[in-house]
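Please look over the sequence and the model before reading on.

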Amino acid sequence: MNDPCPETGAAPALRRLLDLLASGAATEDFADVLADARRRGAPAAVLSEIDDATWQALRVHRTLRQHRRREAELTALFDTAGDLAASRDLDTVLQAIVRRARLLLGTDTAYLTLPDEAAGDTYMRVTDGSVSVLFQTLRLSLGDGLGGLVAQTARPYATPDYRTDERFHHTGTIDAGVLDEGLVAIIGVPLLLGGRVIGVLFAADRSPRAFSPDEVALLCSLAAHAAIALDTAGSLAGTRAALAELNSANELIRAHSAAVQRAEQGHDRLTDLVLRGAEVPDVAAAVAALLGGEIAVLDSEGDPLAGRAGPAEGLAEAVAASRAEGRSVRHGEDWVCAVLAGQEPLGTLVLRGRPGLEDADRRLFERASVVTALLLLLRRSVAETENRVRGELLADLLTAADRDPAGLTARGRRLGVDLGRPHLVLVAEPAGAPGSATTDRARLAGAAGRYLFGSRGISAEHGEAVVLLLPDDGSATGPAGAAGPTRAAAGGAGAAGGAAVAQQVAELAAERLARLAGFPVTVGVGRPAAGPVALASSYAEGLRCVRALRVLGRAGDGASARALGFLGVLLGDGHDVDGFVGATLGPLLDYDARRGTELVRTLRAYFDCGGSLTRAKDELHVHVNTVVQRLDRVEVLLGRDWNHPERSLELQLALRLQLLAGT
């Protein structure tokens, strides 16, 4: 039955209840509707109706609130799933999960712990709402605290007051961290992956609190997402590692394939070079291009046959190691490989610019040393054959040069030896000669062949010595050190310069031949000569130098007649007075002959007068300035040391011999 008085009916109260539901008012506001009706004096029936309506409104209000909370939870879970799908950054995903757990449960803090298999404990992986550094760096032993119980049982646990809860194994470290953070109520749920606990997700309040089953379920859902994130991250890490390994393997395969291809190309290239009769520098250039480095080829003495020699420090030890191992070895940033014919060292290959050398490239480098050895052996065999033929020419030249000079010159030209051009004649004997064993002379002959290898010189055994004929054109001495540089160091052409070159060549030849033969070698050299007869005379001079060195006790040295001075005339067989006078006074005699001057007479008067300019000018009947000018010219022609004791003694002896000979 309708109330005849609308003001005292239930309708206004019901409308107000609907407004409260629509506005989402607090629960307390619904009770005010019934209280207002009582104050207005509403009938009992109306009050009863309003009470029933209020109870129904509260039910609806509670249901709506649960739906909203569930909607928020589902939204959070969907957002978390979206994070998992969109993000590959594990830290970002875990941080978002922990933050949502804190917000949805309305707790003061939330955090996540993970096991450290290497350390055998667990550590704080992510925290949100934490203010304690001690708590954020807390590490928990396995089985300790609430988290240890969750990990052992794989079940969620909650406590309204952690400090007084005896279900957990309390430790001083954990309790200190919890106290420093001020936590009281804590809930922890396991992160499960295939039935295995891989971590624990926590939410905590700084005041006592009981966690509802819905809150536990929500935290478990977030923990499941965290487990998926960890598993995905692990899978991605494994995939990345596998991809990295595959990439590395692919790179190795490509590098190996390229090295094998280079090795094949190198084999074909080296074979082609050998068949085409290429030289050692050609092989070095080809291998350098294939390996992408710089190749130097050194002979057995360490002198370069191709490329630059580079620093010699430690090289001998590296070569010895290569010979012992039978393959290439590291030498600092370089690679070294001995060039061998059996056990005989022929030279060395040095590779620069490739500190890292793969096996295939290393084998190519070592194969190049074998090809180089083959080429050197071929060249040496050809050179020895040619030298034997040319040696016959040299033997005839030394035996009977005046019998048929034109015929000897023609024979030499056919063999590639121009006897009409200046040559140096070197006479080499084992330091024990005379009477040296035939084997020593044979070894010296072989050493002479290796000494001349790569040059246009020839050698032959003659008598008890080995004779070497070297073109005096700056390119003949080959590996032993070219005559050209020594001539430049000696001051150029001319008698004095040529004599200095001869002396340097003799000293160098004695040193190199001794190393090659394995015993001391004495070397004498004649003056540069051209033509069969002059060359035979130069040989005789070189032989006298060898004998003079023996008499002087200088076996194992090298010298020229000019270097021995008058001692060579006195001690050598044959006493070549004219040769000594010509070598000593030649520039003055030539100058006087061309200019009509009296330099030789002035020099004799100067020495006869004991070096007195005044007495010399009286002896010559000229002004003292004339004597000074003539002696200045003598210095220009003979050198500044003409008046030094040793040189002046030779000059005085030559002047006396010239006077006695009446020339």
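Which residues do ring pairs link into a cluster? The cluster consists of Tyr-111, Phe-135 and Phe-202.

## Basis of the report

The model is predicted, so local features need pLDDT of at least 70 and side-chain atom pairs pLDDT 80 or more, while totals for chains, interfaces and linings use all residues. Residues are numbered from 1 along each chain as its sequence is written, and side-chain values use heavy atoms, with hydrogens and water left out.

## Aromatic pairs

Six aromatic pairs are present in the structure; rings of Phe, Tyr and Trp (its six-membered ring) pair if their centres lie within 6.5 Å, and planes over 60 degrees apart count as edge-to-face, under 30 as stacked and the rest as tilted. Tyr-111 and Phe-135 form an edge-to-face pair, 4.9 Å centre to centre with 85° between the planes. This pair links distant parts of the chain, 24 residues apart: Tyr-111 is in strand E1 (residues 109–116) and Phe-135 in helix H5 (residues 133–136). Helices (H or I, at least four residues) and strands (E, at least two) are DSSP runs, numbered from the N terminus. Tyr-111 counts as buried because its relative accessibility is 5%, and Phe-135 counts as buried at 1%. Buried means under 20% relative accessible area, exposed over 50% and partly exposed in between (1.4 Å probe, protein chains only).

Phe-607 and Trp-642 also form an edge-to-face pair, with 6.3 Å between centres and 65° between the planes. Phe-607 lies in helix H20 (residues 599–608) and Trp-642 in the loop between helix H22 (624–638) and helix H23 (645–661), so the pair ties together parts 35 residues apart in sequence. Both Phe-607 and Trp-642 are buried.

## Nonpolar cores

A nonpolar core is a set of buried Ala, Val, Leu, Ile, Met, Phe, Trp, Tyr and Cys residues joined through side-chain atoms within 4.5 Å. The largest has 27 residues, and those touching the most other members are Leu-94, Leu-105, Leu-112, Leu-191, Leu-201, Leu-219 and Leu-230. Helix H4 (90–105), E1, strand E5 (185–193), strand E6 (196–205) and helix H8 (213–275) each give two or more residues to this core, and H8 gives the most, with eight.

A second, separate core of 26 residues includes Leu-270, Ala-284, Trp-335 and Phe-365.
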